[in-house]
Amino acid sequence: MSRLKKIILGAVAAIALAAPATAETLRWGGRADIYSLDPDSIASTFNLSFLNHIYEGLVRYDANFKIEPALATEWKLIDNKVWRFTLRKGVKFHDGADFTADDVIASLTRVTDPDSPLRGNIPLYVSSKKVDDYTVDIEVSAPTSLFLNDMTNIFMFSAKWLKDNNTEKPTAVDTKTEGYATHNTNGTGPFKLESRVADSKTVLIVNDSWWDEKKHNLDRIEYMPIASPATRVAALLSGEVDLVDSAPIQDLSRLESSPGLSVMKRTEFRTVFLGFNRKEKLEDGRPNPFNDVRVRQAVEAAIDRDLINKKVMRGLARPSGSLIAPEISGYAKSLDTFSPADPERAKKLLADAGQEGLQFTYMCSNDESISEEDFCAGIANMLKRGGFDPSIDIAPRAIQSPKRTNGKADMFNLSWANEPTLDAYSILAQVLSTKTGKVGVSNYGGWSYPELDKLVEQSVQEPDIAKRLQLEEAALKIAKDDTILIPLHQQPIAWAMLDKVKSVDFRSDNKPRHWLTQMAGD
């Protein structure tokens with residue numbers, strides 16, 4: 001072989017070896033790992049949005065948050081109680097099996113199982129039946145089109161795969177119930193799972209048999225959780241990752257001034273708020289002081305939302321008196337009010353309630369909401385000035401989430417984006433309603449307000465949109481007047497990326513959609 005030929009072949013080989021790590025591989029860094037590969041295992045927006053690269057629903061949102069076809073091509077409401085879905089033909093699961101009505105029935109049965117953590121995401125579901133191989137009827141408890149919004153987050157499994165692998169029952173992160181679907185996948189989506197090492201790296205590869213038009217140019221996605229904000233920034237600046245979807249807000253100015261980088265930022269749909277244990281007794285056996293509205297009001301009086309935004313959130317959050325963002329249907333400006341912090345008023349309310357110097361534990365996560373560790377410290381100091389004696393329990397969300405879910409926190413943080421419904425009904429049904437059946441699934445404090453429950457039920461049955469929104473506003477007013485939860489702000493979000501990332505889909509729901517991502521190429 002001639003020397004020239006060897007050089008040419010060597011160059012070709014080098015190019016071939018280098019290709020997967022360049023333009024068509026997205027190295028994506030985030031602040032926390034996904035909880036599980038089972039989309040039914042936890043009501044986590046990020047977990048679901050990550051798994052949406054692998055699994056799909058019958059319908060999805062378009063760029064303007066309008067419902068469009070996905071695994072179903074058509075749907076219609078029959079007799080105001082049954083949605084009939086016509087399924088897309090020719091769709092294949094990643095294992096090569098055909099997608100049919102049997103898969104829809106199995107998926108709906110699984111997600112609505114009494115032990116399913118995601119059953120609250122589809123509260124209007126009653127039953128489903130197969131009409132033929134490509135037609136499914138789903139009975140609902142109310143004729144509202146909000147059901148279609150809910151269905152964007154209900155993903156389809158292969159019925160045979162579930163049965164063959166003994167994973168027809170849902171798993172659950174918070175109860176540590178695992179199964180085959182916890183660590184394995186088989187969807188219809190644009191990417192397939194190649195490998196996963198929890199808390200280290202999850203690798204997806206392109207599904208060349210995807211039914212939809214390919215709008216990305218990725219062959220591979222490598223997701224790496226990087227909990228430390230400083231390490232996450234360093235990884236981006238060094239080129240170890242191409243994109244971070246949780247750019248630390250304290251580093252945005254530095255990132256924006258760095259050559260070869262771009263930053264995208266906005267306010268999210270998500271509202272961050274405080275919640276309270278409302279059981280008869282606290283975990284330590286004491287009678288629960290938070291059942292006295294004056295104590296909850298004292299907490300709110302002690303908190304300075306504007307100072308949190310200025311000092312912790314760098315002025316990028318939207319301080320809020322409302323539990324829902326202005327973009328969410330059901331938002332009422334009249335409920336989006338709050339008073340300036342007043343530590344003296346907080347002390348008086350505590351004194352009136354006989355709870356001066358109240359000791360309790362404030363549970364926080366260091367990898368859930370944006371800058372949560374910092375604003376927790378700030379709130380604890382504010383509460384001390386208001387006459388409380390709080391202690392902070394802070395740890396990763398993987399540790400804190402089960403404690404919160406099982407009612408073991410005195411006071412806790414929670415956030416809600418009202419996704420996928422994008423309507424106040426989401427927080428009203430899943431968080432504020434009394435925990436029973438498919439509603440109140442995320443009512444972690446155990447509160448119960450029958451008047452609010454009645455309004456929520458009336459709202460979902462009301463076909464007139466204006467009247468439905470009035471009912472929702474009335475229910476939200478009860479929540480505000482009784483200080484069930486204390487809203488802090490709609491949190492800021494920021495993505496930062498190297499110039500090699502040509503375009504990404506960046507919306508207020510903060511969901512990654514890398515089937516729309518384009519790399520710049522060489």
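Is Tyr61 buried or exposed? Tyr61 has 11% relative accessibility, so it counts as buried (under 20% relative accessible area; exposed is over 50%, partly exposed in between; 1.4 Å probe, protein chains only). The model is predicted: local features need pLDDT of at least 70, side-chain atom pairs count only at pLDDT 80 or more, and totals for chains, interfaces and linings use all residues. Residues are numbered from 1 along each chain as its sequence is written, and side-chain values use heavy atoms, with hydrogens and water left out.

A pair of aromatic rings is described by the distance of the centres and the angle of the planes. The structure holds 18 aromatic pairs. Rings of Phe, Tyr and Trp (its six-membered ring) pair if their centres lie within 6.5 Å; planes under 30 degrees apart are stacked, over 60 edge-to-face, and the rest tilted. Tyr61 pairs with Phe65 in edge-to-face geometry, at 5.7 Å centre to centre and 75° between the planes. Phe65 counts as partly exposed, at 22% relative accessibility.

Phe290 and Phe360 are also edge-to-face, because their planes stand at 90°, with the ring centres 5.3 Å apart. Phe290 lies in the loop between β12 (261–276) and α9 (293–302), and Phe360 in strand β14 (residues 359–365), so the pair ties together parts that are 70 residues apart in sequence. Helices (H or I, at least four residues) and strands (E, at least two) are DSSP runs, numbered from the N terminus. Phe290 is buried at 0% relative accessibility. Phe360 is buried too, with a relative accessible area of 3%. Elsewhere, ring pairs link Trp28, Phe46, Phe50 and Tyr223 into a cluster.

Charges also sit over rings (NZ of Lys or CZ of Arg within 6 Å of the ring centre and within 35 degrees of the ring normal). Arg507 lies over the face of Phe65, 5.3 Å from the ring centre. Arg110 lies over the face of Phe157, at 4.6 Å from the ring centre.

The largest nonpolar core has 96 residues. Such a core is a set of buried Ala, Val, Leu, Ile, Met, Phe, Trp, Tyr and Cys residues joined through side-chain atoms within 4.5 Å. Leu58, Phe85, Phe147 and Leu432 have the most contacts inside it. Helix α14 (residues 425–432) gives the most to this core, with six residues. Domain 1 (25–260 + 499–519) and domain 2 (270–491) each supply at least three residues; the bounds come from an automatic or database domain assignment. Apart from this core lies another, of 48 residues, including Ala302, Ile303, Ile486 and Ala494.
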